[in-house]
Every structure is written in structure tokens, then in C-alpha cells.
Number of protein chains: 2
Amino acid sequence: MQDRTYAADVDAGESATVAGWVHEIRDLGGIAFLILRDKSGKLQIKLEKDEMDDELVETGLGVHRESVINVTGDVKEEPRAPTGFELVPESIEVVAEADPELPLDPSGKVDAELPTRLDNRTLDLRKPEVKAIFEIRAEVMRAARETFRDLNATEINTPKIVATGTEGGTELFPITYFGEEAFMNQSPQLFKQLMAGSGLETVFEIGPIFRAEEHNTPRHLNEATSIDFESAFADHHEAMDAAEEIVVSVYEAVAENCEEQLDLLGYDDFDVPEGDFPRLSYEEAIERINATGELDEQLVFGDDLSTEAERALGEDVGTFYFITGWPSEIKPFYIKDQDDDETLSTGFDMMHPRMELVSGGQREHRHEKLVEGFEQQGLDPEQFEYYTKMFKYGMPPHAGWGMGGERLVMTMLGLENIREAVLFPRDRQRLSP
Amino acid sequence: MQDRTYAADVDAGESATVAGWVHEIRDLGGIAFLILRDKSGKLQIKLEKDEMDDELVETGLGVHRESVINVTGDVKEEPRAPTGFELVPESIEVVAEADPELPLDPSGKVDAELPTRLDNRTLDLRKPEVKAIFEIRAEVMRAARETFRDLNATEINTPKIVATGTEGGTELFPITYFGEEAFMNQSPQLFKQLMAGSGLETVFEIGPIFRAEEHNTPRHLNEATSIDFESAFADHHEAMDAAEEIVVSVYEAVAENCEEQLDLLGYDDFDVPEGDFPRLSYEEAIERINATGELDEQLVFGDDLSTEAERALGEDVGTFYFITGWPSEIKPFYIKDQDDDETLSTGFDMMHPRMELVSGGQREHRHEKLVEGFEQQGLDPEQFEYYTKMFKYGMPPHAGWGMGGERLVMTMLGLENIREAVLFPRDRQRLSP
């Protein structure tokens, strides 16, 4: 349709062909309005019953909502129309008639539950405010990649079919790969580290990860988008700087480039974080959580933070923040211990007040220590030889992190359920569409 | 390492700390040169045996190749040095000593076979010319996304775990998904179509696809990167225009932004295609192939094109080109037939002279016809109801295509084997690293 004009781009005094969906028909008697909706917005089509060809009026009034139509006519200024313009049709072509019984109402007049929305994403994404979420999501990914390039990082793609999981055999989906046992990768961790040790040095990847976690919560997915960063010659402080820079720049980009979408989502005021996120030590964090009195039991050194603990601390801090210096024993083998205290790791998390967004740290780059770490974690280092072997040939100190792409969008837009931030979520119950 | 300077960024008259790998040591007697290599390039470190601290000289001369070192010293102009500068060290710190027995020589003096290279990608990507391939690959993906946005397309992410394959049960990797049978998706085809029918209208995705094809050739992968485009209100001609625009803009971006990498790969002259790729009908294509006399048997209407046929035609045409109007019977159910001749489809391929890059077409958007197509192809439409159902609610005409990401890089750079265009290839034999 090379001569098609978007609804938002029509101009008074010209003839135009628009194409889109029948959003609504308002019949006022002698006059009727058909509202056409397309990617760009809506346009009022005026039907004057006495002055227009009967067939044309009949077509315009008889067509079911959500049908696809092409309309050609003259564009007039009309201050009372939602966009300031209306189109007086010469022809209306029904391209794809919709069934009158819709499983979901894209005009938004009838609310739909999330499962119905997810079963009917095609219709759900005709709602401008749902579409806005995914346009913002696309901008988030674009802006993140741009900032990664500013950080001198090279985009990589690592395999999603792997012989061994990042952290052993738990929580992996098994695949049959030409008769061999394989898994869907739960994280690009080991591969991005191998690339930090290559001539690329600083790398990023935005791609799918797969976790066979049994829990079904509003903030977990079994297939998610991970935003990964890894850099040679960086320590955990610099890795935190990079994570902060990505978050700030992504918020800035959305504020700048998605005004219309933010409006649709009801944001009068979209707050861009200023950076300099507080960096709390793990010990400070548990002290502050205990001080809130929100938990039934006091936390002690070595405890992981429950959802409730994260929430209590998030409310207390009130901004993005880091938790640093986690106990070594609750961090995976590839996280380096602190030089002056082996009980503490260089591992960190970046937290949104609502939940964890990022997990990272400096990595163990010393071959011997790394192999020891596998053994301590009960993993067989031989199974990971493709990875550990490279640490014998000049593996620089390196650090990095993984960020949950959907969590970033979910917390940014205040979505209740992480499934609202992904087109076709995969969870314990949902495998289709 | 916030005070680190890249090798390529040092300037005469200042003190600098550089960090990287020991690329080479040249001992000339009274003087020796240690060549340090980092992401940015190489830097000569001068060791003057009589004038420098013995320990410093010993460290510099004793370190194994590919070890990681930090060097601090003064930068001097030195016209005889490869970059015009050299660094006179005050300190050399060995950060990670490399084993003297390397499985692969990153200096490139000893050639390695592809399997050895793939087993040791960390070392392989320390070769500047291998690293250059992946820097170009990253630029290809960046430029493609930028052009997609110019085409008003929104980036989407579709699921990789699916209940049914795009084209039925063949060539799929089975997964166990919480006790249920599922598959790794072989193409985002059905999902991107669902999104073309949503308010997004025009969408793209760059992501992994998985094909359990048995053949092991230099141009097939079992896990590949697919560049996908789909647009509502577009026909196959417009889809071809978009594919052409992506290819041309990606070549332009590489020519403009990857000069150094192209130099390393030996390109004196990198040809950017001009567009207006010839569009041959299928019937013209088989006539021309038959006329080359390269095939043992003459092709007849309904034949698919073998590798030999593609090669013969590619040599004959000599540029990128399209083959349009394929017989309907050899195209999948979702490709629309031509309006005036049901034996011909709107399906097209875009060809590089060496091989097929893109496959696309206008899609069947009429519910009834689509369901018929499933049946004709021996598929059960009920299994695909999540997809077909949406075609009842105002599915616009739409068209699109999928492009092989690795094939695009492979043909652009004249790589012999597609495995050279992917960091960690997956094929019939290779599942690790």
C-alpha cells in the first residue's frame, strides 16, 4: 500500500487513502462517525447519510468493529474531531471483515483479565495503551544497546542450546539434540566470560534465557530476556557504574522518545533516576531490614533476602540502590571473593525499590581458584572444561552482570505482572500462544 | 581499571598505564621489544637491558606469550614502531600468566583448522582478523535495526519455546516443558504475523532460531540468527523493497563504520550494492539455469532449486537478485497465492550470488483459505488455533520475510564456512563449547 497515509499524518485540503481497523461507529442519526484506528492513531470518518451514496453509507455503517478497511476521501479540518481532522469518504473498502463476537474488546470499554488478554494478544495489542508498553520496551532495548556501544562493548550472540547449564543441572529444560542430552541455556554467563577473555574484551548481549523454575509468581518467567554485560579489566565497582549508566540512559531515552506512549499510560510525570545509586553493603542492608520491623524473624549474616525483605528495604531506601559484598557462600562459583576477606564476595545486586533488577560481580579469573569453586559447589569441573581451560591462557580480571529485561520494563512502567511486559509469556501453565 | 589507556589512544609525552596480552617478544640483544595487544590494537614496549632495572627487564622478557600484563611508563614518539609510539616501562605487572603450551596461536603465525579454532574461541578471537569479523557482525545487526526503525517497524521478541512448530513436527528439537511436550521454535513466522495483525502493524525481530536438520554443510547451522520482518498492509513487492533496503543499508554501514576491520580482512575495496536488485520470475530463473548448461538434468516447472542450480544462476546474474512467483505447491501454507493464478505464489527469495539469503512473501490473511492451507499441507488446523483464530478478527493483508543473519555476514565477507560467522556454532556434531 505505497499510497497509504497514516491516520496521524493526514493534512487538510488533500485527498488521502487510510487503512486500518474500525475502532468504533457512532451513529447520530443524519450523521455518523466511523473511527478508524491504525499504528499511528485514530481518524474520524464522517458519513452524511443524505448527501452520500447509499452504498457507501451502508458499507460504513454495516461493517463490524475491528474489521480492516481502506478509506479514500478528502481531509478537512474539524476542530471537534479528536485529531482536529476528519475524512469525508469517497470509497470504503472492507478488506477483512471481523467476526462480530470478539473475545476481547480493543476499544477498552470492557475490561479483560490477563489470561484472556494473553490468549488474544493480537487484539490486546490493538489497545493503544498496551501497544504503548511494547513500543516503550523496544525503545528500552534500543537505548540499552546504544549505551553499551558508548561503553565500547561489542554485541555478541551466544548459543541457547548447551551441553551443560551455567550452574549445573538444576532448573534447566532438557532438549534432545540429535540423540544427545542437551539443555536450553539459563544464562550467557560462561560464554560472555569466554568473550571477555578474547580480543573483544567488553561485550553485551540481549537475548532469551530459559529457567525451569517451578514457582509461578507475578515477577518470574520461564523464558525471559536477559541484558548481559561483561568486561575485561573491570572490577565490580566499574561493573556497577555500567549498570547504573544503562538504567539511567534507558529512562532518559524513554522520557525523550516515548512521550506519547507515556501519556497513554497516564504518566503526567515520568521520573528519570539521577544516578549515584546508594551502594549498601550486605551487612548494612540486613541491619536496615531488621530495623524496619517488617519481618517476623530477624535476618542474620548468610541469609538470602526474601521477597518481603527486598520489599521492606526498597520502601526504606526509596530509590534504585545496590547491595554489595554478599556472603561468598550464597554466591555462585564464578563470583570472586573479596581480596581481604574470603567470606565476602564481590557480588552485587542492583535493586529497584520493588525488586531485584541486576545481579553481577567481579569474576574469578584464576584457573586454580575457579576449579576449586566448581568442586565446592558440587559441580564436576571436567564437564566445564571448555570453559575452565581458557582460564589457563591469559584470562584478564573481568566483571559483569545480567539484568532482567522484563523486570526493567515492568518496574519502569509500574506494571503489576511481569507477563504484561512480554508479548507471549511462558510460565508453569502457559505454553501457547 | 579506570586509569587504563587503550593501546591505540596513547599519546607522546604522557605517562600511561596500558593493559592487555603479550602478543610477541622480540629480543634483539641489548634491546628487546614486547608487543602488547588489547581491544584497540598493539603497542610496542621497549626494554633496554643495560639501562633498566634488572627485575623489570626479567619480568618483561620472561613472561609467556598471551599472558595478561599491566604496564606503566612514558610514551614516546617512535616512527619505527608499528603505531608510531612506544612505551618505556617503569613497571610491568603480570596479572595472569599464560601456559606456555597454547592450543592455538593468536599471533596467526601458525594456522589452525576450524575445529581447533572453534574449540578455543577465546584465543581465536584474539586474532585481530577474527575479532574483525565479529565487530562487523555487530555493526550489521546495529545497522539492520536502525533501518528497521526507519521503516517504522517496532522491535519485538517472540517465544523460543513453543507448543507447535511453524511448519509442523519436522525438523524440530523437542523439549520437556514441565512434563509437557514442547519444541524450540524454528522461526518466529506465526508470532510475527500475529503482531502484524496487532496495533504494532510493522515489526522486526533479530533472534535465534533452531532447526533439527540433519545435513552438515558449510552453509547450514542448527542454531542460527534470523532477521525477521513483517508488515501489515504490505504486499510482496513492498516486502522485497524492505529486504533490499536492509541489505543495502547494512553494507553501507559496514563500509562507513568498519574501515579498520575491512582492512584487516584484506578488503582494498568493499563493494556496496546499489539496490534495484533484478527481480526474476521463477520461470525466467529456471530458463536461465537450464541455459547455463551447468546442470545434468534440465529443470522443469515445480522443481526446487538445488545448491548447484543456485550457484549456476548466481554466477550468471552476478549481483543480488530476487526470484519471484514460485510455484504454490513448493511454498508453505502461509504464503498467499497470486490473485490471478493459483498455481503461482507471492513467495520470493532474495539471493546473493553464492546462496539464498531471504525467504518471504505476502501472507494468506483470509481465515478460510488459511485453514484450507493447513489441511492441504497435512497439518491439523486445530493445533494451530491460537494462530488461525486471530485471522477472524480483522487480519489485514500483510507480507514479510526472514533473512539468515549468519549468511548475510558470511556472503558479505566471503567466508568459506558459515561457522566462521558465529561465535559458538551448533551443528550435527558440535554442542560445545
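Let's start with Asp276(B), an exposed residue with a relative accessible area of 71%. Before going further, keep in mind that this is a predicted model. Asp276(B) sits in chain B, in the loop that links helix H7 (259-264) to strand E12 (279-281). What makes the backbone stand out here is phi: at Asp276(B) it is near 50°, a positive value in a residue that isn't glycine. Most residues other than glycine have a negative phi.

Hop over to chain A and look at Phe178(A). This residue also isn't a glycine, and its phi is positive, at about 50°. You'll find Phe178(A) in the loop between strand E8 (174-177) and strand E9 (180-184) of chain A. Is Phe178(A) buried or exposed? Its relative accessibility is 18%, so Phe178(A) counts as buried, the cut-off for that being under 20%.

There's another backbone feature to check, this time in the peptide bonds. Most peptide bonds are trans. In chain A, though, the bond from Ser432(A) to Pro433(A) is cis, with omega near 0°. Pro433(A) belongs to the segment after helix H12 (405-413) of chain A. Chain B has a cis bond from Ser432(B) to Pro433(B), again with omega near 0°, and Pro433(B) is in the segment that follows helix H12 (405-413) of chain B.

So how do the chains relate? Turn chain B by 180°, with a shift of 0.0 Å along the axis, and it can be laid on chain A with an RMSD of 0.0 Å. That's what a two-fold axis does. If you want to find the axis from chain B, go to Ile175(B): its C-alpha is the nearest to the axis in that chain, 2.3 Å away.

Now for the place where the chains touch. On the chain B side, 97 residues contact 98 residues of chain A. The copies meet through the same surface, because 100% of the interface residues of chain B are interface residues in chain A too. About 8,000 Å² is buried between chain B and chain A, and carbon and sulfur atoms give 62% of that area.

What about polar links across the interface? There are four salt bridges between chain B and chain A. One of them pairs Arg4(B) with Glu201(A), whose closest N and O atoms are 2.9 Å apart. Polar contacts join 44 residue pairs across the interface of chain B and chain A. On the side of chain B that touches chain A, helix H4 (residues 128-150) of chain B gives the most, with nine residues. By class, that side of chain B has 47 nonpolar, 18 polar and 32 charged residues.

Conventions
Residues are numbered from 1 along each chain as its sequence is written. Chains are lettered from A and ligands numbered from 1 in the order in which they are written. This is a predicted model: local features need pLDDT of at least 70, side-chain atom pairs count only at pLDDT 80 or more; totals for chains, interfaces and linings use all residues. Side-chain values use heavy atoms; hydrogens and water are left out. Copies are superposed by least squares on the C-alpha atoms of residues with pLDDT of at least 70 in both. Contact means heavy atoms within 4.5 Å. Helices (H or I, at least four residues) and strands (E, at least two) are DSSP runs, numbered from the N terminus. Buried means under 20% relative accessible area, exposed over 50%, partly exposed in between (1.4 Å probe, protein chains only). Buried area is the accessible area (1.4 Å probe) that two parts lose on being put together, summed over both. A salt bridge is a side-chain nitrogen of Lys or Arg within 4 Å of a carboxyl oxygen of Asp or Glu. A polar contact is a pair of N or O atoms within 3.5 Å; within protein, one must be able to donate a hydrogen and the other to accept it, and residues adjacent in sequence count only if both atoms are side-chain atoms. Ala, Val, Leu, Ile, Met, Phe, Trp, Tyr, Cys and Pro count as nonpolar, Asp, Glu, Lys and Arg as charged, and the others, Gly among them, as polar.
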